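Here is a set of questions and answers for a first look at a protein model. Keep the structure open beside you as you read.

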Amino acid sequence: MKNKHYSKYRQTNQYDNQVKHGLVDGQPLYSDLSMNIQKLQQLFPQAPDLVIRRFEFAGNGTKAALVFLDTLTDKNSICNNVLSSLMQVSFDPNRELPISVGDVKSAQSWNAVENALFIGESALFIQGEKKVYLLNTKGWPQRAIEDPQLETSLKGAHQGFVETAGQNIAMLRRYIPNRELAFKEVTLGVRGKSKAFIVYLEDIASGELLQELEDRIKQIQMDVIVNTGELSEFIEDNPYSPFPQFILTERPDAAASQILQGRFAVIVDRSPSVLIAPGTLTSFLQSVDDYSTRWIAASLIRLMRFLAFFITLFLPATYVAVISYNYEVIPLKLFISIAETRAKVPFPPVMEALMMEVTIEMMREAGIRLPAPMGQTVGIVGGIVIGQAAVQAGIVSNIMVIVVAITAIASFIIPSYDMGTAIRMLRFPMMLMASLFGLTGIMISFMTLMAHLICLESLGTPYFSPIAPFRFADMKDSFIRYPLWKMVKRPKSIRTKQDNRQGGN
């Protein structure tokens with residue numbers, strides 16, 4: 001189950017590496033306020049947003065300084081809840097500070113001061129004290145909760161994760177208001193530290209999988225982990241597989257549903273997506289709307305997704321194979337029609353297919369990068385104009401345009417963006433194999449793909465489950481969806497502590 005490829009990022013001495021880059025200073029704090037301020041100015045020589053606010057306590061006149069990064073703090077909280085309160089009282093080291101902020105803690109190292117300032121906390125230095133008080137005054141820029149962009153839903157919730165871990169945790173608590181919902185905090189990055197939270201149900205999730213996931217995350221030694229996609233690349237079982245091994249979701253309702261099944265969610269601060277582990281092939285073809293639609297309609301839609309999976313993967317390759325080698329399988333009338341459309345095309349079928357597929361991929365990418373109204377226009381007009389012009393110029397045939405259009409539409413049906421990208425990428429080697437060996441090449445590619453899926457794992461869990469190994473009970477929520485009142489058991493593949501969805505064993 002151990003991930004082998006992340007060991008190359010391991011440092012022999014993490015502490016020495018942090019000291020080398022100036023992230024850790026082993027010196028303790030000084031009792032003299034002026035020396036502490038001088039040390040701060042040395043640690044932050046090029047920080048224009050560093051604010052050092054000197055003041056005196058009323059009564060005994062004890063000198064103090066409140067230090068914070070102006071761009072990461074709530075100035076109203078600092079003025080109204082901290083400074084105005086402290087400047088009206090006498091300092092007594094035996095009493096708590098009379099301030100109305102959510103969290104006050106003390107520290108005695110420069111490393112703690114540095115980390116606190118970078119997450120929006122304020123540091124209170126007091127003359128004669130060899131410790132610093134860290135105050136929760138966070139107030140960095142945040143965006144409002146919006147409808148998810150990649151995972152749209154007709155009947156599901158219209159709330160998506162944001163870049164703040166606290167808000168994402170709150171949304172999950174809204175869906176699972178239970179004391180068994182556990183959050184394990186892990187620190188990511190050596191230079192730019194960020195927090196990650198492993199979310200799971202204590203009485204359901206597998207302790208073995210939890211330990212494995214936590215070990216993989218803790219062994220990452222990089223300057224900074226910016227988003228969840230980077231994290232998934234470091235902890236996946238097979239980094240050379242084209243298939244995504246962890247689900248990345250923007251939807252709190254989808255994440256809550258997976259947690260209730262016994263899986264783990266990983267929230268990375270500053271990232272608007274959440275990682276779900278472990279993942280299986282069938283889980284990438286499921287949508288949150290499947291569970292808010294009646295089971296018969298949901299099953300038909302899910303079967304359509306699996307059909308789209310095979311169409312995206314094999315339709316262009318099948319076209320190339322039957323035109324180049326196995327034309328005897330085509331009915332005579334259809335063969336004559338295809339031959340007429342290809343009479344003026346100067347390229348072999350594989351070259352024709354590759355040109356059109358690459359063109360479609362470029363238009364897809366252009367549509368993503370352009371503003372939404374313009375992107376839709378470019379996609380529709382570009383597809384019609386380029387396709388019609390290419391046919392009239394004799395570069396491609398009408399049949400090829402139809403094949404490419406059907407393939408593109410089928411790829412959009414797949415709910416997971418990462419899985420859709422993987423399938424679109426795999427159709428290119430499929431076409432090359434079809435051009436070399438015909439239908440035999442497609443069968444060889446299919447068997448190779450099946451062998452890879454059977455061997456692939458996600459956090460030590462079989463990726464091709466419940467097909468290999470075959471688990472009949474888990475088939476109720478794979479290719480089709482049984483009625484919810486019949487799905488009383490959690491998936492066997494993720495080895496949960498409780499099998500029964502009603503809370504019992």
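Predicted model: local features only at pLDDT ≥ 70, side-chain atom pairs only at ≥ 80, totals over all residues.

**How the helices meet**

The crossing of helix α9 and helix α13 is left-handed.

Q: Why are α9 and α13 called roughly antiparallel?
A: Helix α9 (residues 295-324) packs against helix α13 (residues 398-413) at an angle of about 150°. Angles over 145 degrees count as roughly antiparallel, and therefore α9 and α13 are roughly antiparallel to each other.

Q: How far apart are the axes of α9 and α13?
A: Their axes are 8 Å apart.

Q: Which residues make the contact of α9 with α13?
A: From α9 come R305, A308, I311, T312, L315, P316 and Y319. From α13 come I399, M400, V403, I406, T407, A410, S411 and I413. By class, these residues divide into eleven nonpolar, three polar and one charged.

Q: What makes α11 and α14 roughly antiparallel?
A: Helix α11 covers residues 349-369 and helix α14 covers 417-437. They pack at an angle of about 165°, with their axes 10 Å apart. The cut-off for roughly antiparallel is an angle over 145 degrees, so α11 and α14 are roughly antiparallel to each other. The crossing of α11 past α14 is left-handed.

Q: Which residues of α11 and α14 meet?
A: On the α11 side they are V350, A353, L354, E357, V358, E361, R364 and I368. On the α14 side they are Y417, R424, R427, F428, M431, L432 and S435. This contact has nine nonpolar residues, one polar and five charged.

Q: Which residues make the contact of α11 with α13?
A: Helix α11 brings E352, A353, M356, E357, I360 and R364, while α13 brings M400, V401, V404, T407, A408, S411 and F412. The classes here are eight nonpolar, two polar and three charged.

**Spaces in the model**

Q: How do you know where empty space is left?
A: A probe the size of a water molecule is rolled over the atoms, and this shows where empty space is left. In this structure, the search finds one cavity of 30 Å³ or more.

Q: What makes a space a cavity, and how much space lies in the largest cavity?
A: A cavity is a place where a 1.4 Å probe fits but cannot get out. The largest cavity holds about 30 Å³ of space.

Q: Which residues line the largest cavity, and which helix gives the most?
A: The lining is made of T312, E357, I360, R364, V404, T407, A408, S411, R424 and R427. Helices α11, α13 and α14 each supply at least two of the lining residues. The most comes from α13, with four residues. The lining divides into three nonpolar, three polar and four charged residues.

Q: How much space lies in the second largest pocket, and what lines it?
A: The second largest pocket has about 810 Å³ of space. Its lining has 35 residues, and I119, K193, S194, K195 and D269 lie nearest its centre. Two or more lining residues come from each of α4 (110-118), α5 (165-175), β6 (181-188) and β7 (194-201). The largest share, six residues, is from α4. In all, the lining divides into 14 nonpolar, nine polar and twelve charged residues.

**Points along the backbone**

Q: Which peptide bonds are cis?
A: Most peptide bonds are trans. The bond joining S465 and P466 is cis, with omega of about 10°. The bond from A468 to P469 is also cis, with omega near 0°. P466 lies in the segment after β12 (461-462), and P469 lies in the segment after β12 too.

Note on methods:
Residues numbered from 1 in each chain as written. Heavy atoms only, no water. Axes fitted to C-alpha atoms, helices over the stretch in contact; angles between N-to-C directions. Parallel < 35°, antiparallel > 145°, perpendicular 65-115°, else oblique. Left-handed = near helix turned anticlockwise from the far one by under 90°. Contact = heavy atoms within 4.5 Å. Nonpolar A, V, L, I, M, F, W, Y, C, P; charged D, E, K, R; others polar. 1 Å grid on protein atoms, 1.4 Å probe; cavity = no way out; pocket = protein on both sides within 12 Å on 5 of 7 lines; lining within 4 Å. Points joined across faces, edges and corners; volume = space filled by probe spheres on them.
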